[in-house]
Amino acid sequence: MKNEDFIDDDDLLLDDDGQDILGNTSDNNDEGQLYEHFRLEVDRGQEPLRIDKYLTEHMQHQTRNRIQAAADAGFIHVGGKPVKSNYKVRSGDVITLMLDRPHFDTTIVPEDLPLDVRYEDDALMVVYKPAGMVVHPGCGNFHGTLVHAIAWHLRNLPSYDPNDPQVGLVHRIDKDTSGLLVVAKTPEAKSNLGKQFFHHQTHRSYNALVWGNFVEDEGRIEGNIGRDPKDRLRMEVFPPDSETGKPAVTHYRVLERYGYTTLVECRLETGRTHQIRAHMKHIGHPLFADERYGGCEILRGERTASYKAYIQNCFKLCPRQVLHARTLGFVHPVTAQQMDFTSDLPDDMQALIDKWRNYLKKDKI
């Protein structure tokens with residue numbers, strides 16, 4: 001079975017805002033032409049089985065809901081014709097995934113892009129990603145990513161192949177989130193660091209500005225995170241004992257209160273897609289200016305025209321979810337020494353916080 005380019009893994013290879021291939025039709029495909037992205041011939045002796053169930057069992061990282069969405073969109077064909085989710089596959093059937101865009105070569109070619117390296121040795125490096133930069137190539141973002149910049153920086157290192165999954169970025173953050181990331185230069189380093197992330201042995205904290213005031217000074221959010229069935233570009237929080245989604249735990253601590261907003265520190269036990277954004281919305285405190293999770297509306301405060309104008313100016317000052325991966329800590333895979341890194345808040349986020357501090361001072365006068 002050959003699976004060239006279906007849908008990336010939820011936590012590792014989705015583009016940074018969770019974009020799917022399914023449902024994202026191309027605006028410039030006026031002729032309705034479809035292109036083959038995946039082909040599979042059903043084994044001999046296969047008993048009749050619904051095609052959505054069959055593909056779920058045979059395609060790594062794919063959910064049944066996604067496969068059903070592909071069928072509904074007319075993207076799943078058998079014998080050259082589209083079929084529905086309830087079609088029953090039989091021995092010898094040839095199944096193809098046909099998408100409305102040509103297959104894109106995702107081979108990573110180094111690109112001469114700015115790269116902020118905070119630490120580097122023979123085994124790894126720690127880099128700072130600014131807000132607005134995509135981490136990994138994905139649907140609609142095939143060039144200009146952090147991965148391309150890393151490939152250029154390490155282009156003269158014979159042992160580093162940017163297309164080898166055994167090296168490279170160990171974790172990731174969203175496009176509009178700023179902060180620190182660790183890159184493994186060797187398979188041994190990536191394996192070691194990957195195990196530390198998997199076993200929650202790393203230390204990662206984020207600073208976030210969220211809507212609303214907290215009653216308590218610190219707390220713990222636990223809830224599975226999975227795709228929102230009503231919006232495939234968002235994540236939803238499900239009960240911890242649910243079979244839906246993956247377990248996720250976020251610890252938070254209040255740093256400063258501004259009345260209608262709060263600056264918090266979030267520490268991750270797990271690293272799920274949009275974890276902080278989804279968890280904070282779940283407890284009623286969406287990230288400020290986070291459009292996807294409702295943070296671009298005025299959720300707290302006055303009804304006056306001056307206050308509305310003030311909030312709109314805040315949105316313009318920092319037009320993204322106000323989230324920054326501030327600290328990163330891990331054990332060095334070679335020396336076994338504890339490595340801890342901290343990055344200052346980016347200018348747009350610092351300016352926004354200063355603006356809220358001044359607003360709070362004026363409010364107290």
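A: Start with confidence. pLDDT is the predictor's confidence in each residue, from 0 to 100. This is a predicted model, and the protein chain averages a pLDDT of 87. Of the residues, 87% score at least 70.

Q: Over which residues does pLDDT stay under 50?
A: Over residues 1-30. The model has 86 contacts beyond four places in sequence for them.

Q: What makes up the protein chain, in helices and strands?
A: There are seven helices and 19 strands. Of the 365 residues, 47% count as buried.

Q: Which residues touch the most other members of the largest nonpolar core?
A: General idea: in soluble globular proteins, nonpolar side chains tend to be buried together. Now this case. The largest nonpolar core has 32 residues, and Ile150, Leu169, Tyr206, Val264, Ile276 and Met280 touch the most other members. Several elements each supply at least two residues of this core, among them β9 (124-129), β12 (203-211) and α5 (275-282). Helix α3 gives the most, with five residues.

Q: What does Met280 touch?
A: Not counting residues up to four places away in sequence, its partners include Val210, Phe214, Tyr252, Val264 and Leu287. A second, separate core has 20 residues, including Leu209, Trp211, Leu263 and Val322.

Q: Which residues are buried in helix α2?
A: General idea: an α-helix has 3.6 residues a turn, so residues three or four places apart point the same way. Here, α2 spans residues 64-72, and Arg66, Ile67, Ala70 and Ala71 are buried. Seen down the axis of α2, its buried residues fall within an arc of 140°, so they line one face of the helix. The face turned away from the buried side carries the exposed residues Asn65 and Asp72.

Q: What covers the buried residues of α2?
A: The cover includes α1 (51-58), β4 (76-78), β7 (94-99), β14 (224-228) and β15 (231-238). Look just after α2, too: Gly74 takes a positive phi of about 80°.

Q: Where does His171 lie?
A: In the loop between β10 (168-169) and β11.

Q: Why does His171 count as buried?
A: Buried means under 20% relative accessible area. His171 has 8% relative accessibility, so it counts as buried. The side chain of His171 reaches the backbone nitrogen of Val182 at 3.1 Å. Leaving aside neighbours within four places in sequence, His171 is also in contact with residues including Leu180, Phe197, Arg204 and Leu328.

Key:
Residues are numbered from 1 along each chain as its sequence is written. Side-chain values use heavy atoms; hydrogens and water are left out. A nonpolar core is a set of buried Ala, Val, Leu, Ile, Met, Phe, Trp, Tyr and Cys residues joined through side-chain atoms within 4.5 Å. Buried means under 20% relative accessible area, exposed over 50%, partly exposed in between (1.4 Å probe, protein chains only). Helices (H or I, at least four residues) and strands (E, at least two) are DSSP runs, numbered from the N terminus. Contact means heavy atoms within 4.5 Å. A polar contact is a pair of N or O atoms within 3.5 Å; within protein, one must be able to donate a hydrogen and the other to accept it, and residues adjacent in sequence count only if both atoms are side-chain atoms. The arc is that of the directions from the helix axis to the C-beta atoms.
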